[in-house]
Amino acid sequence: MMAPMTEWDVLFEAWDRNARVNDALLEHLTPELMRLDDRAGGWTVAQHLAEMSGFRKDWLSEISPSHQTGLEFMHRALPGGGWEAATDDPAAFREAFRAADAAVAAAVRDAIAAGGFRGPVYARHPAFFVHHALVHDAHHRGQLLMTLRLAGRRWEEADGPMWAPWRE
Ligand code: NI
């Protein structure tokens, strides 16, 4: 039976489902898998996850700075240029995503109540920040799963329930 939901309930539940997908993925990654790259000069699995996490803090810094306070970047600059993931510990990433996802939801809820974010980004509606983050996460999840495959590691649907949350 369909429960009554507002459009905001639907939006934030979709965001929560995405968090469950990321969490399920991280639950099945190991430090060894996190360090794999595509052997073609591309990012490691951990770098893709650091980029996904950093996306939240970066955009919050721009559109709703008070909500990025306390969030940690999961990457760091290298002395000779370039950057690396700050850790290969999946549990640390799970914690970072929990905090950042909550901050995004709070920022969007506040912006909806306040009539928008500051500045020109997502000026049409604060909900588009959630849509952007959903698409961006999926873009990088696809790449990091391909990275595992290119490094000779199989990844089956059963290794992480990546789709089940979307079918509820
Ligand atoms: Ni990106």
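Predicted model: local features only at pLDDT ≥ 70, side-chain atom pairs only at ≥ 80, totals over all residues.
Student: Which residues coordinate the nickel ion?

Tutor: Donors are N, O and S atoms within 2.8 Å of the metal (3.2 Å for Na, K and Ca); water is not among the atoms, so sites may look incomplete. Here Glu51 (OE), His136 (NE2) and His140 (NE2) coordinate the nickel ion at 2.1 to 2.3 Å. Glu51 lies in helix H3 (residues 45-63) and His140 in helix H5 (residues 127-150), so this pair ties together parts that are 89 residues apart in sequence. Helices are DSSP runs (H or I, at least four residues), numbered from the N terminus.

Student: Is His140 buried or exposed?

Tutor: Buried means under 20% relative accessible area, exposed over 50%, and partly exposed in between (1.4 Å probe, protein chains only). His140 is buried at 5%, whereas Glu51, at 25%, is partly exposed.

Student: Against which helices do the buried residues of H4 pack?

Tutor: Contact means heavy atoms within 4.5 Å. The buried residues of H4 pack against helix H1 (7-27), helix H2 (31-34), H3 and H5; among these buried residues are Phe93, Phe97 and Val104.

Student: What follows H4?

Tutor: Gly115 follows H4, and its phi is positive, near 90°.

Methods: Residues numbered from 1 in each chain as written. Heavy atoms only, no water. Helix = DSSP H or I, 4+ residues; strand = E, 2+ residues; numbered from the N terminus.
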